[in-house]
Amino acid sequence: MVKLSAELIEQAAQYTNPVRDRELDLRGYKIPVVENLGATLDQFDTVDFSDNEVRKLDGFPLLKRLKTLLMNNNRVCRIGENLEQCLPSLRELVLTNNNIQDLGDLDPLASVKTLTLLSLLRNPVTNKKHYRLYVINKIPQIRVLDFQKVKLKERQEAEKMFKGKRGAQLAKDISQRMKTFTPGVSAQPEKKSGPSQADVEAIKNAITNASSLAEVERLTGMLQAGQIPGRDAQQGQVKPEMFYFLSPEVVPAQSAKGPLGTVRQHLLWYYDLK
């Protein structure tokens, strides 16, 4: 990508185009941001930004002379506010083959009262319901939309559709951007899982009833493996059963080497069973 510098503007092609307007040719430089156009000294009627990498239509200084802005084949997805203050004479805006998604993204153009030609061909927004009538309603002075003349019938349909309170509400509703699901973000916070009360009692009883360090070591190994010890009612002995898997907490191996009472207390404290 190339920064739009004063030097680049000075070196770019400048000529009188077929309609006898002075034109600045900035095509194909892969420019990502509109900037430094004050270096043009407002000497051009047309600026051609086609085939660049611009994502947002903003960054213009006051250019009273500029009438035509060509932004074909960029990546424009947003239009800056108050464009009419920077480009008070803008009549033609060509945004063919960009990435404008929603009808609401076009709302900043409503304040550009001089705009009479607009092209949004090959933008996703053109597939939206009521697209053409919405644009005609928002930019009533528009004469040519997507290189098709705006007909009187279309103006009447747009006026009828968006007339009154109900029409204003419709315009508001269809201009709102769609709220999309963000991958990786759950709608509700996940609940932390943990052992049931019965599992807690089984662990607590097994630790409390351990009669030797060897048995405590065996219980420690079971807990490290995520196993819940259960009681065999017939034999009265503790045996491992795969009832539940704990979170990955590890009982320190050296804890089973102390006195039996200390080890019991440590395990009860570690699993918050006291």
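**Sheet and confidence**

Modeller: In the hairpin of E1 and E2, five residues lie between the strands, and Arg20 takes a positive phi near 65°. This is a predicted model, in which local features need pLDDT of at least 70 and side-chain atom pairs count only at pLDDT 80 or more, while totals for chains, interfaces and linings use all residues. Residues are numbered from 1 along each chain as its sequence is written, and side-chain values use heavy atoms, with hydrogens and water left out.

Biologist: In E2, which residue is the bridge partner of Thr16?

Modeller: Strands (E) are DSSP runs of at least two residues, numbered from the N terminus, and two of them pair if DSSP finds at least two bridges between them. E1 and strand E2 (residues 22-25) run antiparallel, joined by four bridges. The E2 partner of Thr16 is Arg22.

Biologist: Which strands stand at the edges of the sheet?

Modeller: The open sheet has eight strands with mixed pairing, in the order E1-E2-E3-E5-E7-E8-E9-E10. Each edge strand has a single partner, so one side of each is left without a neighbour in the sheet; these strands are E1 (13-16) and E10 (148-149).

Biologist: Over residues 178-193, how many contacts beyond four places in sequence does the model have?

Modeller: The pLDDT, the predictor's confidence in each residue from 0 to 100, has a mean of 79 for the protein chain. Over residues 178-193 it stays under 50. Counting heavy atoms within 4.5 Å as a contact, the number beyond four places in sequence for this stretch is three.
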